[in-house]
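Hi,

Here is the structure I promised to pass on to you. Please have it open while you read the rest of this email.

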Amino acid sequence: MSRELFLCQPTTSSSSSSFYPFPRREFRNFPYSTTRYQNPRFRFKLFYKFPGNKWKLNDIDAVQERLNSWFLRTQNFLNEVTAPLIKTAHGIKSDPEDAQEKMEFGEVFMTEQTVDRRTPNGDLSLAAIVSIEQFSRMNGLTGRKMRKIFETLAPESVRNDARNLVEYCCFRYLSRDNSDIHPSLKEAAFQRLIFITMFAWEHPYNEGCDSYVLTSKSYLQSKHVGEEAFVRITPAIAGVADRSTAHNLFKALVGDEPGISLNVWTTYITELLKVHQGRKSYQIQENTQLSREHILCIGSSRKRPVLKWENNIAWPGKLTLTDNALYFEAIGLTGPKEAIRLDLTRYGSRVEKARVGPLGFAFFDSAVSVSSGLKSETWVIEFVDFGGEMRRDVWHAFISEVISLYEFIREYGPDDDDPSVCHVYGAHRGKKRAITSAANSIARLHSLQFIRKLSEDPAKLVQFTYLRNAPYSVVVYQTLAVHFWGGPLIAKFRNADQQPTEGVRPSEELSGISNHVFDIDGSVYLREWMKSPSWASSTSIDFWKNASLRQGVVLGKNLVVADMSLVERAALTCKEKNQIVEKTQATINAAMIQGIPSNIDLFKELMFPLTIIANNFEKLRCWEEPHLTVSFLAFAYVLIFRNLLSYVFPVTLIIAAAAMLLLKGLKEQGRLGRSFGRVTIRDQPPSNTIQKIIAVKQAMSDLENYLQNLNVTLLKIRTIVLSGQPQITSEVALVLLCAATTLLVFPFRYILAFLLLDLFTRELEFRREMVMRFMSFVKERWATVPAAPVVVLPFDGDEPGTENVTKESNQGNQNNIKEDKAVRSPDRTL
């Protein structure tokens, strides 16, 4: 009779948190029953599997207790014997705490595997098994039962993917809690379980590198979680990430690493919990008005103070940001003054980065200007930071998030006194949900600031501020509005002329109404709340037309197994479009070459194809190759006299389109090479500061000469048109009348043929002298045309418009000046 022995190492009595796999005692606070799977008296789990009845010794307490005692005595004896022999590489005895830590990291959490490793697509990985088993037990079930339930609910195309099973076990446990931040995050074991779940989602199948029993601390320390798994799992945990900014959060946490490690993950969660705990510890009893608001952040430090500038004077103080306003409590000579308040919920509130400095000299780029509405006062707050502008940028993102939050509520949320809110269950808490989402975004950015994991632009890490300028953001705003205010319809809601009827299911009563919007779980967002014009855009209509299509298992608005929620779909599209915009902007930034000579070289390189065409045409006109010139003229005259000129432009467009498609096909086949289309110029030779100044001065001088010649040409044309020189004006008018008569009498094709013949015979011997005399005559006549007079008035900062008119009239009559002054100051003339 074959038997299988499963022996697990003992757990130690140390209180320090153990490594993966997890000790069972860390899950003692989780709401699931463990009576069937563990006995707190037994430190060992020993059972035999028989192919027949599978009789387990675990069921016999006496036998297991004796085995447990025997193993403990044996272990203690071996530890006492081998303790003197344990040495480090340098011959020094190892630290007992170090040995204890290594022992704990060798603990095995897999007390009993109930889920079958075998799946249609391969064997489950060890991380997937751990995630499935632990979340199943936290849900009060076994892995085997959880898998059976999942296979019953999910369609066939979904149930065979092990990744979907991992999602189902995790999301089902997360769907049981509706807190602002998940309470289980306080448990170190739960943090590691989430990391393993992300790793299991990324590697659901056994890749041949897993061992069934883990005894090395470096197993998870060496693992990294990719962006796709992080963006999929973490937004499902309340307070950890948002769907729209999860990819930016991942980039901030990763830095230069290949992915998120366990150390970075636990550090981020620990700091996030500290930020939330710190908010609870703020003392708000001093101000009754402040006690009604939730404090989000406080800025006050001796090393890095906060200054409020008023009339070029900086006042230090304490800055407090709440979910409604900004408070500043100045510190005077006699102590703190009464706090002043700036409301951030009003329409027109804005925050901008600013420069400050004493005596009106703005050279400290470390401040923000905040205003509440169009007619309110503007606060100029400086965040002193000698290490850079990052502190100012973070606070700018904080304040901007609160302002953007209330812009979102005004545009996409129902009014506070809207009676239709009572017809949707939970809609009255929608505003609170939106405020909580913004508060969590600020908390995440605050925690990243503490662990020094900030990106270049902190505004990308807060949801509403990021979506303000992101492409496709209106659809993301709409899905967020449906997520916050949407809910089951609890009463019939129709027009005012219809009576509401009770007891009708939402799907039945709204089946004929197409203007309402439904979430993926059936929650409804009423059409009366769609005040924003973005709902009528084609992008919004196309998105909501396909919003009802789903193939996964829906556990909640934000939790969909094997499919994406509406917010996730819109956020994914927003991310893809934003990446396209960033790539395009990167190419534009790369093209912004510094230096006037380099830009001139780049312009010449870009105009090189047109230069080649012009040079070749000049060769044809000069008869350098007579046979080509004759062929070109013959082709041109055939087009003219066969009335084919109307087809020239369309054929040119067809040729251009065909050439572009040909290049596209060749590039896709890889025949053009990677460097095709790249613009290459030579860098300027190295030069010192004096040479650069001289080069810039020469370039500015050339630009000035060019503008002067252009202005002179325009002034001469102005003289001709306005009859500044009557004789020349008469000559030009006569030439224009002759040209008009010629165009009316003769067909255009004959005129075009004559002009073409004239153009190609100017360089021939029999016409060269005549053309030179004609051009000399035109230049002489042009030189005799005077430029229109230009008057430069002195600068007057008081009344520039009125003074200009007055000084122009100063040339002719002094009495007009006195009259103008009398008109501008009538009280003096009375």
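Predicted model: local features only at pLDDT ≥ 70, side-chain atom pairs only at ≥ 80, totals over all residues.

Let's start with the surface. A nonpolar patch there is formed by Val696, Met700, Leu703, Tyr706, Leu707, Leu710, Leu714, Ile717, Val721, Leu722 and Trp782. Together these side chains' residues have about 1100 Å² of accessible area. Which helix gives the most to the nonpolar patch? That is α24, spanning residues 689–721, with 9 residues in the patch. In a helix like this, spacing is worth a thought: an α-helix has 3.6 residues a turn, so residues three or four places apart point the same way. Tyr706 is one of the residues found in α24, and it counts as exposed because its relative accessibility is 54%, where the cut-off for exposed is over 50%.

Helix α10 (residues 246–254) is mostly covered, with 8 of its 9 residues buried. The buried ones are Ala246, His247, Asn248, Leu249, Phe250, Ala252, Leu253 and Val254. Just after α10 comes Gly255, which takes a positive phi of about 70°.

Now for the cysteines. How many disulfides does the count come to? The count is 0. As for individual cysteines, is Cys422 buried or exposed? Cys422 is exposed, since its relative accessible area is 61%. Cys574, on the other hand, is buried, with a relative accessible area of 2%.

Happy to go through any of this with you.

Best wishes

Note on methods:
Residues numbered from 1 in each chain as written. Heavy atoms only, no water. Patch = residues over 30% accessible without salt bridge, like charges linked within 9 Å, V, L, I, M, F, W, Y side chains within 5 Å. Areas by Shrake-Rupley, 256 points an atom, 1.4 Å probe, with all protein chains shown as cover. Salt bridge = Lys/Arg side-chain N within 4 Å of Asp/Glu carboxyl O. Helix = DSSP H or I, 4+ residues; strand = E, 2+ residues; numbered from the N terminus. Buried < 20%, exposed > 50% of the residue type's maximum accessible area, 1.4 Å probe, protein only. Disulfide = S-S within 2.5 Å.
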